[in-house]
Amino acid sequence: ISLIDLCVSVCVLQNRGDIKNGSILRLAISPMRAARQLLERIQSHGIDARLEALKELAKLSADPSFATEFINMEGLATLARLVESGTQYDFGEMLAFTLTAFLELMDHGIISWDLISVSFIKQIAAYVNQPMVDVSILQRSLAILESMVLNSHSLYQRVAQETTVTQLITHPQVSNQEIQTYAIALINALFLKTPEDRRHHIIRVNRPVKAEMAHQLYVLQVLTFNLLEERMMTKMDPNDQTQRDIIFELRRIAFDGDSDPSGTEKRKAIYIKDYKMLGFTNPVNPAIDFTQTPPGMLALDNMLYLAKVHQDTYIRIVLENCSREDKHECPFGRSAIELTRMLCDILQVGELPNEGCNDFHPMFFTHERAWEEFFCVCIQLLNKTWKEMRATAEDFNKVMTVVREQITRALAMKPPSLEQLRVKLRSLSYSEVLRLRQSERMSQDDFQSPPIIDLRERIQPEILELIKQQRLSRLCEGSCFRKLGNRRRQEKFWFCRLSLNHKVLHYGDLDESPQVPVSDIKAVLTGKDCPHMKEKSALKQNKEVLELAFSILYDPDEALNFYCIWTDGVSALLGKELGSDLTRSDLDTLMSMEMKLRLLDLENIAIPEAPPPVPKEPSTYNFTYNYG
């Protein structure tokens, strides 16, 4: 027999003997006894013994049975007194373990947070407000304050007094990600508990915001949005059933949980049809639409938030597009994905804060789910702009460009709340964006250069003459007017026109033809200055009639009363300036069109400030050729 076989046989026999004789089990002490022993060691005078006891307490505090016994023995009050005791206790691991144990014990919910003393809150707040404090102590202090704010309204008020946003926003700048998370969580908790009418006031305490404060808020905004980076860069797994269920939930909400038909093929065909109506690029397998990063799963998160929190809006957008013609329907799925990518780019999600940048947006600090709500506002804007542009699938990129411009213009106005953002976006319609583009182009440096200004001055008389001729032509055509008098017999009408030689105005009832020589016209009155508008019966007319009314005075005691835009035509007859709002509008429109046409060939060409110099006169003209 070999030595190895002999050793194996001996071990087997020995194990059989152990089983036969049984084993001695070492039993742990009961939670009550453990709590009593640790409490005694914590209250001892030896620093090393106390440190070891607190270290062990930090581990055991997560156990509910132990926590119950320890709290019943006034152990939690003992820890609170240790924290409040003073400077000899404010250092290193000992305090960190104490705060860890305190937080673990409170998280069991055995005792109310309202029982915490004011001195304890002040001491914890002091650790957060100190510029230089141990990372582990700072982390636990932030977590304790957050729990106080979320679990007690009275403690929220106390914490809000002891800590300010100005002090808290310095913590997210550190490189430690846990500190960033806890600091932002505490700030969000404070914003969440702040009454609605004071949430804006937190950020706008001192107007204008100082540069350092603005920078700190900008840093907080960037770091808050950077928490979205992980979802933004996460691709969807088409084979993950949990993720696919989210897409199915979008379908269910949109189409009101239509009952599934029997048969796999028929069900698959209906799903494909529904996903196409939802606007996915890949209706057979919509999960593929979320495999591109950015925006990855962040787009799906936004869509699900809209569908659940703003369900009526979601259903309206989907069904509204389903009812449009095929060429004019706005693909919701594709739009939501592309919009999420655009918002990430506009808000620079995933980028580090820039030194010296103060570009923060107060509205993002007024809502717990500011990012999601921002998306919900913008997706409604996209749908509205799509309708205004009467866009088709081929215009998708053009629509997204306009929507991006609308959002950036609205953000530049720094709306203080999401509701104010809605108001500003509502005013930035597609037609308004076109008007702003034209206005900005006309105000560019090229359009303010001396040659362009000189060209406008040369063109303006021609345009004014064109408008004047149009007005005179309108007068020659004549118009029928409603007759107004003291008896308000509005069923009577009279007619007026200018003679073709521009010498005489023909007017009167349709069966009469009196004349007014142009040379006899004394003045033109408008609005409330018209004699017929001064009458009591006429003053009761609507505002539109009052604004459009004017009179021609050709005799001190008689006037012709008009209700249209003839003021320009009569002013042209008299050689006076055309001063109506319509004339100014027509002048701007025609001038803009004429300038664009004349400068069409000079696009992207720099126009010199001064004309090129005229060459010197040649010494001889022998190079000329005479056609004889």
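Mentor: In this predicted model, ring pairs join Phe248, Tyr271, Tyr275, Phe280 and Phe290 into a cluster.

Trainee: How is a pair of aromatic rings described?

Mentor: Two quantities describe such a pair: the distance of the centres and the angle of the planes. Across this structure, the count comes to 14 aromatic pairs. Consider Tyr275 and Phe280: their ring centres are 6.1 Å apart and their planes lie at 80 degrees, so this pair is edge-to-face.

Trainee: Are Tyr275 and Phe280 buried or exposed?

Mentor: Buried means under 20% relative accessible area. Tyr275 is buried because its relative accessibility is 8%, and Phe280 is buried at 5%.

Trainee: Why is the pair of Phe360 and Phe365 edge-to-face?

Mentor: Planes over 60 degrees apart count as edge-to-face. The planes of Phe360 and Phe365 are at 65 degrees, with the ring centres 6.5 Å apart, so the pair is edge-to-face. Phe360 is buried, with a relative accessible area of 9%, and Phe365 is buried at 6%.

Trainee: Which residues have the most contacts inside the largest nonpolar core?

Mentor: In soluble globular proteins, nonpolar side chains tend to be buried together. Here the largest nonpolar core has 67 residues, and those with the most contacts inside it are Tyr314, Leu339, Phe374 and Ile407. Helix H20, residues 370-388, gives the most to this core, with 11 residues. Leaving aside residues up to four places away in sequence, Phe374 touches several residues, among them Leu343, Met363, Ile407 and Leu421. A second, separate core has 65 residues, including Ala53, Leu57, Leu142 and Val219.

Trainee: Where does the charged end of Arg334 sit?

Mentor: The charged end of Arg334 sits over the ring of Phe396, 3.8 Å from the ring's centre.

Notes
Residues are numbered from 1 along each chain as its sequence is written. This is a predicted model: local features need pLDDT of at least 70, side-chain atom pairs count only at pLDDT 80 or more; totals for chains, interfaces and linings use all residues. Side-chain values use heavy atoms; hydrogens and water are left out. A nonpolar core is a set of buried Ala, Val, Leu, Ile, Met, Phe, Trp, Tyr and Cys residues joined through side-chain atoms within 4.5 Å. Buried means under 20% relative accessible area, exposed over 50%, partly exposed in between (1.4 Å probe, protein chains only). Helices (H or I, at least four residues) and strands (E, at least two) are DSSP runs, numbered from the N terminus. Contact means heavy atoms within 4.5 Å. Rings of Phe, Tyr and Trp (its six-membered ring) pair if their centres lie within 6.5 Å; planes under 30 degrees apart count as stacked, over 60 as edge-to-face and the rest as tilted. A charge sits over a ring if NZ of Lys or CZ of Arg is within 6 Å of the ring centre and within 35 degrees of the ring normal.
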